[in-house]
Amino acid sequence: MQLQAQLRVGAALLLAVAAGISSYVFAGYAQGYRQSTRNLQALTSFDQALKAGNAASTERAPSNILLSLDPHSATSYASIQAEVAGSRQRTDAALGQLQQLIRTQPQADAEGSQLARARASLTQARAAYDALARHMPAERSPQDLQAAIDKLIEARSELDPLIGDFYHQAQQLAPDQTGIMQMARILSDLREYGGRLASMLVVPLSTPQPIDPMRRLGMAALRGHIDELHHLMPGDMHLPGRNDDDIQEVRSRVERGFFGHTLAMTDALVASQGADYGIRAAAFTSQVRPDLMALEDLEDLFMLRAMAQVADTQRAEGRHMLLIGAFLVSFIVFALSVLRAAQNLVVRPLLLAKREIVGLANGDLRRAPRAGNSMEARALHEAIDTLRQQHMRGMQLAIERDELSKALRRQAHTDALTGLHNRHALEEITGDLSAEPVRLSKGRGLVLIDIDYFKPINDEHGHIVGDLVLREVAGRIRHLVKEPHMAFRYGGEEFAVLTNGLSMKELCQLAEDIRRAISGDSISAPGVSALSVTASFGVAKGNTVVITWLDLLNAADTALYQAKAQGRNQLVAAPQSTDDMLRA
Ligand SMILES: Nc1nc2c(ncn2[C@@H]2O[C@H](COP(=O)(O)OP(=O)(O)OP(=O)(O)O)[C@@H](O)[C@H]2O)c(=O)[nH]1
């Protein structure tokens, strides 16, 4: 597999492993985050149910005060009336929010009906209050007053099942927060029972009249519940984790106010047998109200604490998820960067170097584009440059060798004196004449030229002059013999012209031209008067009889011999060739 592919597969595997591990851990935190979100929703819903209950309980205090006031005489009537309207608005708003939450509940229908009943009861109770409030205090019968108060208590009781449902649901979803939620519920119940207890004293105090025995029994039962709940409250309400000074402070307010002041006052009023209570309903309600509010405050603090704890957990899970996400993204970026760097620093330089080396091997000496600036890449490029230099030297040597061998070959085939091809060159074409005869094509022609009476020139004028004559004769032959025909120094004072594609007539014409050229102008040499030189010619051509090179040479040689014999300075065509000429 290629390095690039290996790198990619490696990076993909690494990423897959990192993604797998991250996903596994992420899924754990995501589960925790979802759980915390559900817990928080459950706690918020329970808190909203408690708030709705508290709002309905709280509405009673200003309503009860209003019923003990004279609409015409009491100066505070209008402000209490406004307070009643405000508290009713707050109750309605809290119930509205509760209704929204109920829509998302599993038992939305049953809880919705329960809430509708509570609202209907509340509307009835408010109507009863409003009807009584329009009358003068003297016109309000104790029975009607009590009935209105009872209706409001009853309307508040209608919310208890809903609070119970939300409590159980929150307890199931957020079991860790059960202790705090229990505490909040106890405080909510205490607030309601304390409010009811106070409400039950409103009629006796307003009238004033003794508390009837039945009501006294009911109040005793409530008082018992309150004591039970008080006992359920732990002495030490210290919560782990956060600073809970605020809880301790409100708790002591509750102990002093509700369990101390309110219950003591209530107990004293219940215990007094006569109708002279020494305090009127409005004043009593006003005194009790802050103590009941302290219970609500404490409950609020507990719920806030529970929700804050869950929110902390949720934030921590969210942070972990973010961290893992950031880690995974960073890892992906890192892995891709490493891959890219490896590609740029290793793979690409290697591929380009490979291309350059292959180019060198194929004779391309150009410097190819390069990549990578690492030490290793530079070393690789230096090695390629060295290889190129060696390759260039090798090529240069090869060229020189080639030229040398061409020169040698040329030299081996050239006659040093005349510069014509030598006999060896002719034998390259004809082959070894002493060996197996080699066939020739009919187009081949041969003219053998032998200088006449050359020995006397040598003898008379010396070899140097003889050489000069040979060079001059060779020059005149070369002048007339053009490609594709070739001129040779066949040996001593003998020359040969090998033709290709000439008819016998053309061949004889060429031989005659050469003869005239040799015998034409005399040859001058230093210290020698003009030398007249002639030569004899034997001409032959391939045909049906002359079919090998040996045949051709023999035919030309015989003709030359004949030319010599007939008096020299003439040409003789081989007889077979002459037949051809005649036919031609
Ligand atoms: N100067 C010189 N003489 C050479 C060379 N090669 C051969 N010879 C001479 O050429 C002469 C040839 O003489 P012969 O063979 O008797 O021929 P010839 O004198 O030309 O007489 P015919 O051919 O019969 O006309 C000899 O004297 C050789 O020494 C050479 O390279 N230089």
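Me: Which residues form a nonpolar patch on the surface?
Reply: Leu3, Leu345, Val346 and Leu350 do, with about 310 Å² of accessible area together. Patch residues have over 30% relative accessible area and no salt bridge, and nonpolar side chains (Val, Leu, Ile, Met, Phe, Trp, Tyr) are joined within 5 Å. Areas come from the Shrake-Rupley method with a 1.4 Å probe, and for residues only the protein chains shown count as cover. This is a predicted model: local features need pLDDT of at least 70, side-chain atom pairs count only at pLDDT 80 or more, and totals for chains, interfaces and linings use all residues. Residues are numbered from 1 along each chain as its sequence is written, and side-chain values use heavy atoms, with hydrogens and water left out.

Me: Which helix gives the largest share of that patch?
Reply: Helix H9 (residues 281-361), with 3 residues. Helices here are DSSP runs (H or I, at least four residues), and strands are E runs of at least two, numbered from the N terminus.

Me: Now the ligand. How many residues surround it, and which are the closest?
Reply: There are 17, and the closest are Tyr453, Phe454, Lys455, Asn458 and Asp467.

Me: How much of the ligand's accessible area does the protein cover?
Reply: 67% of the 660 Å² that the ligand has on its own.

Me: Switching to salt bridges. How many are there?
Reply: The count comes to 35, taking a side-chain nitrogen of Lys or Arg within 4 Å of a carboxyl oxygen of Asp or Glu. One of them pairs Arg289 with Glu83, with the closest N and O atoms 2.4 Å apart. Arg289 lies in helix H9 and Glu83 in helix H2 (residues 77-103), so the pair ties together parts 206 residues apart in sequence.

Me: And Arg156, is that buried or exposed?
Reply: Buried, at 1% relative accessible area; the cut-offs are under 20% for buried, over 50% for exposed and partly exposed in between (1.4 Å probe, protein chains only). Arg156 forms a salt bridge with Asp160 at 2.9 Å between the closest N and O atoms, and Asp160 is partly exposed at 28%.

How values were computed:
Patches are made of residues with over 30% relative accessible area and no salt bridge: like charges are joined within 9 Å, nonpolar side chains (Val, Leu, Ile, Met, Phe, Trp, Tyr) within 5 Å. A residue is near a molecule or strand if one of its heavy atoms lies within 4 Å of it.
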